[in-house]
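Here are my quick notes on this one.

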Amino acid sequence: MTDRRSAFVTFSLAITLAVVAMSANAHTGEGINSGFASGFWHPIYGWDHVVAMVAVGLWGAFLGAPAIWILPVVFPLVMAFGGALGVLGVPIPMIETGIALSGVVLGLLIVFAVKAPIWAAAVIVGLFAIFHGHAHGTELPEAFSPYGYAVGFVIGTGLLHMAGVGFGVLTRSELGRYAVRGAGGVIALVGAAFLFGLA
Amino acid sequence: MRRALAVLAPLGFAGPADAHAFSAGADSYAQFVEGASVILIYPAILLPILVLGLLLSLWDVDGLPKAWPIFLGGQFVGLFAAPLVGPGALSAFIGLGVATAALAALLSAIPRGVAFGLAGLTGMGALAMALEGHGLFELPTFTHLGLLFGTNLAAALAASLAGLVLVRFQADWVRIGVRVAASWIGAILLLTLAFELSGQ
């Protein structure tokens, strides 16, 4: 049954690629490639975004199942909602403050190993996700492919979560728990630096 | 390995696709490829179908075969309904994709009625959106066949990939991975909806 599935997947993939294949126009600096790259690097080049997204994965790993996967599932969906509000021009007050505060709050939650109920964790993460998403949505470069930007943006964010979850696996050992809590402290400090205009 | 190479070799000779202009001319194969390309190239049509495939495999590892009659029925309704859809219908279809993604990502057990209902609606919406207001016999038959082929291929690919990993690696993290994938597609669709509404 599994072999038949494998063969079907291979065949379906080959047919799909053959049907959608287009002329190769690589390295033109335009279109979906640039849009993807722009969206992908956007969350990664901003330290305020990086620390918050890694913190989501870290805190999820610290809280254990089911938070370890619910938080990384909730964050992209709610962040995209915030991004949609940004694209549509719906104003949200104190975006930069909210983004900086997300690093501080999530960092401190990790430092103190706060075991919040899953609904509370999802609300906290979701609230901050709207600020991050809105910032990405309003900063969408008009020259680039919006679809490529959306795909790159979501994948870049997701990979940062994965990095956090991967590092969070260290919480299985006593020494690792200290390392993760220390990382939470660094995240809180970076957030504070942005909050007080030092970064 | 040889079989895989033999299957993949034609990719090197694949030509450019000029989808959604419906200008392939009298060449039947070109019409067919053009129809399939409309489904497979446009994210606003493709992504809701892909996420339906994921949802059906999360519901049941043989979810797509079980829901296929309803999915096909929806597609045939979509063929007839295409001339009736208005300009805002694409946004509604993307919204359906977002809802499908959210349900796939967040529900630990998906009710059968929800799976069947989404299969029918997505099938109908995909064909109605792809035809962009064209009537049933306004376009060549092979374009219609291409549209049907592309729709079912996309759903089968997503469902069989998800089904394959769910069957082969029977672990909690695999199921979580499929749900995370649904969440990411949902996030991309949400942004796509915003682009559609803002005219970008």
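1. Start with Met94(A), which is exposed, having 10 other C-beta atoms within 10 Å (exposed means 12 or fewer, buried 20 or more, partly exposed in between, with C-beta atoms placed from the backbone). Its phi is near 55°, a positive value in a residue other than glycine. Met94(A) sits in the loop between H4 and helix H5 (95-111) of chain A; helices are DSSP runs of H or I, at least four residues, numbered from the N terminus.

2. Ala113(A) also has a positive phi, near 50°. You'll find Ala113(A) in the loop between H5 and helix H6 (118-138) of chain A, and it counts as partly exposed, with 14 C-beta neighbours inside 10 Å.

3. A word on provenance: this is a predicted model, with local features needing pLDDT of at least 70 and side-chain atom pairs counting only at pLDDT 80 or more, while totals for chains, interfaces and linings use all residues. Residues are numbered from 1 along each chain as its sequence is written, with chains lettered from A and ligands numbered from 1 in the order in which they are written.

4. Over in chain B, helix H3 (residues 43-59) packs with helix H6 (residues 112-131) at about 165°, axes 10 Å apart (axes are lines fitted to C-alpha atoms over the stretch in contact, and angles run from 0 to 180 degrees between N-to-C directions). That makes H3(B) roughly antiparallel to H6(B), the label for angles over 145 degrees.

5. Leaving aside neighbours within four places in sequence, Leu54(B) is in contact with residues including Ala104(B), Ala158(B) and Val178(B); contact means C-beta atoms, placed from the backbone, within 7 Å.

Definitions and conventions:
Helix = DSSP H or I, 4+ residues; strand = E, 2+ residues; numbered from the N terminus. Parallel < 35°, antiparallel > 145°, perpendicular 65-115°, else oblique. Contact = placed C-beta atoms within 7 Å.
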